[in-house]
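Please look over the report below, which goes with the sequence and the model shown here. It begins with charged pairs and then turns to strands and a loop.

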Amino acid sequence: QVQLAESGGGLVQAGGSLRLSCVASGRTFSTYVMAWFRQAPGKERGIVATISTSGNTYLAASVKGRFTISRDRALNTVYLQMNSLRPEDTAVYYCGAGTRVAVTPQGYEYWGQGTQVTVSS
């Protein structure tokens, strides 16, 4: 069982930066693939980034070059550094944990409660 808690969301102007954090409970954090998804009003939850147990990363095309995903095993935490934010990045951002790399929400077993990111123009 893994419990996830996101933080770091907020209101930022276009071009600004935010860093989201997702803290995982439990001693098996290092065995899980971690991912960030986002969901805007009226839209489906979509992939933002994944990081495997070995540190390999995947970034969605819409955020490549602007966002970075990383994990700190000692702190049981995964981060999403978001730079050059755009109004279209506005969404609730969710952290997910699963046993294999996937780009759909169905591939992840555990979820946090989400954190709101709002980018003003």
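D89 and R66 form a salt bridge in which the closest N and O atoms are 2.8 Å apart, a salt bridge being a side-chain nitrogen of Lys or Arg within 4 Å of a carboxyl oxygen of Asp or Glu. Because D89 lies in the loop between strand 8 and strand 9 while R66 lies in the loop between strand 6 (57–59) and strand 7, the pair ties together parts that are 23 residues apart in sequence. The model is a predicted one, in which local features need pLDDT of at least 70 and side-chain atom pairs count only at pLDDT 80 or more, whereas totals for chains, interfaces and linings use all residues. Residues are numbered from 1 along each chain as its sequence is written, and side-chain values use heavy atoms, with hydrogens and water left out.

The structure holds two salt bridges, and D89 also takes part in the one with R38, where the closest N and O atoms are 2.9 Å apart. This pair links distant parts of the chain, since R38 sits in strand 4 (residues 33–39) and D89 in the loop between strand 8 and strand 9 (91–98), 51 residues away. Side chains of opposite charge can pair when their charged atoms come close.

## Burial of the charged residues

Are the residues D89 and R38 buried or exposed? Both D89 and R38 are buried, where buried means under 20% relative accessible area, exposed means over 50%, and partly exposed lies in between (1.4 Å probe, protein chains only). D89 has a relative accessible area of 1%, and R66, at 7% relative accessibility, counts as buried too.

An open sheet of four strands has the order 1-3-8-7 with antiparallel pairing; strands pair if DSSP finds at least two bridges between them, and strands (E, at least two residues) are DSSP runs numbered from the N terminus. Strand 1 (4–7) and strand 7 (67–72) stand at the edges with a single partner strand each, so one side of each is left without a neighbour in the sheet.

Strand 8 (residues 77–82) pairs with strand 3 (residues 18–24) in the antiparallel sense over six bridges, and within this pairing V78 is the bridge partner of C22. Six bridges also join strand 8 to strand 7, again antiparallel, with Y79 as the bridge partner of S70. Strand 7 and strand 8 form a hairpin with four residues between them, and N76 in the turn has a positive phi of about 55°. Since five of the six residues of strand 8 are buried, this strand is largely enclosed by the rest of the structure.

## The loop around G16

G16 is found in the loop between strand 2 (10–13) and strand 3, and this residue is buried, with a relative accessible area of 17%. Leaving aside residues up to four places away in sequence, G16 touches M82, N83, S84 and L85, contact meaning heavy atoms within 4.5 Å. G16 and V119 are 103 residues apart in sequence, yet their C-alpha atoms are 8.3 Å apart in space.
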